[in-house]
Amino acid sequence: MQIRISEMLDNASELIEENIEVRYTNDNDRIKRIVFSEIKYMRRKHRETGRGKNKIIQPVTAHRVEIVKDKEKDMRKKILKVMKWVLGIILGVAAALLVWNFICKKAEQSKIEDAYGKTVEVNGNSMVVDIRGEDNETTIILLPGWGCASPIMEFLPLADMLSEDFKVITIEPFGYGLSDRVGTEREISVIVDELHECTQKLGCDRYYLMAHSLSGLYSLYWANTYPQEVAGFIGIDPSVPKQSDEEPLPISMVTLNRLSAYFQKAANVFGITRLCSVGHPEKAVYADTSYPYSERELEVFRILSMDFAYSRDMMNELNHMEGNLESVRDMKFPESVSVLQFVSGDNCEMMESWEPLHREVITETDKSEVLRLDGGHYLHFEWKEKIVEKIKEWIG
């Protein structure tokens, strides 16, 4: 057996030298593995049978190496073929979902036409608003957070409760809900001018601004531009100047929002959201699940969430977010504007500066308050009863 092993090693050495001469150095390791695998096999058989000395051993030759190479090539071809089939199936399913989703979107278009609210013309475009409690004296204007598919539908539970004592106007900015997509640069001055013109068209001359998230910045700019009109500001975990100075995550909130938007848009375009919400429209919307939405309201909300969320205007607004933050960096609410802030306990735990930043923008101190509520960013889902009760007490 020792002689046979020596012959195998000699043959292997010759093959390696040939490979070096023709620069096939990548095969050397493979040849070595084959040789030592054969040696290991022979030793095992020798121990098992005791006849290893008389066994004729086939020396390793270039032909046998080629056979191994051919087998490896065949295996790679089979794997590649399977991968192509899997990829083909995935692309086929994706294409089918894409076509199906497009057809459904076109078929459902009529369901959302004039589905709710009234239209106000602003700069030649249509802005949709919802008005409740029209007979009440004090007016509250509700403004949505960034990315809201349908502000009127999202705020409906809160607006219903507030409308028992207040006139509540929910505005859908351009690019949101049923309002027009306008394609203009969404800088803070442009957005506030559009929203203010809408309130003027509705005859509002004295009102409270109530804003969620990013609209907190717009309200701050608004109150400084039209202080004689703004009676007070109510914030639902609103954005504030300097919030980007302390980022709680390894990536900025702007980048995180952008990635989240692209992911959701992809799920919407390929019909995944539609498929998951067939027969269960509540699965496609982000809303207060305790509120008894009608079937039609849920269906409209579902369609807007699937087919119209994250419009070009919204994405343009996101692109201007850092610039808009910078434009109000040193702003505070005027002394004539009382402020009531509801801040998220979850956000306060992530950012030590979250609550102090909300206190920093206040200059009127006799009536202004900052209240911390346990919960996430959408406090008007979790705490609407407490929020409404506090607003009634605070406004008096």
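Gln 243 is found in the loop between β6 (230-236) and α7. This is a predicted model, in which local features need pLDDT of at least 70 and side-chain atom pairs count only at pLDDT 80 or more, while totals for chains, interfaces and linings use all residues. Residues are numbered from 1 along each chain as its sequence is written, and side-chain values use heavy atoms, with hydrogens and water left out. Helices (H or I, at least four residues) and strands (E, at least two) are DSSP runs, numbered from the N terminus.

Gln 243 counts as buried because its relative accessibility is 16%; buried means under 20% relative accessible area, exposed over 50%, and partly exposed in between (1.4 Å probe, protein chains only). Apart from neighbours within four places in sequence, Gln 243 is in contact with Leu 325, Met 351, Trp 354 and Leu 357, where contact means heavy atoms within 4.5 Å.

Leu 214 sits in the loop between β5 and α6. Leu 214 has a relative accessible area of 5% and is therefore buried. With neighbours within four places in sequence set aside, Leu 214 is in contact with Gly 145, Trp 146, Ser 239, Glu 317 and Met 321. Leu 214 and Pro 144 are 70 residues apart along the chain, and their C-alpha atoms are separated by 7.7 Å.

**Strand β6 and its partners**

Strand β6 is mostly covered, with seven of its seven residues buried. Strand β5 (residues 207-212) runs parallel to β6, and six bridges join the two; strands pair if DSSP finds at least two bridges between them. Tyr 208 has Gly 232 in β6 as its bridge partner. The pairing of β6 with strand β7 (residues 338-344) is also parallel and has five bridges. Here the bridge partner of Ile 234 is Leu 340 in β7.

**Pockets and cavities**

On a 1 Å grid over the protein atoms alone, a cavity is a set of points where a 1.4 Å probe fits but cannot get out, and a pocket is an open set with protein on both sides within 12 Å along at least five of seven lines; lining residues have an atom within 4 Å of a point. Grid points are joined across faces, edges and corners, and a volume is the space filled by probe spheres set on the points. In the table, Ala, Val, Leu, Ile, Met, Phe, Trp, Tyr, Cys and Pro count as nonpolar, Asp, Glu, Lys and Arg as charged, and the others, Gly among them, as polar.

| Space | Volume | Lining by class |
|---|---|---|
| Largest pocket | about 1,100 Å³ | 21 nonpolar, 17 polar, seven charged residues |
| Second largest pocket | about 260 Å³ | six nonpolar, five polar, five charged residues |
| Largest cavity | about 70 Å³ | nine nonpolar, two polar, two charged residues |

Among the 45 residues that line the largest pocket, Trp 146, Ser 213, Asn 257, His 377 and Tyr 378 lie nearest its centre. Two or more lining residues come from each of α7 (253-269), α9 (295-307), α11 (321-327) and α12 (345-350). The most come from α7, which gives seven.

The whole structure has three cavities of 30 Å³ or more. The largest cavity is lined by 13 residues, with Pro 173, Tyr 176, Ile 191, Tyr 218 and Glu 317 nearest its centre. Helices α5 (188-201) and α6 each give two or more residues to that lining.
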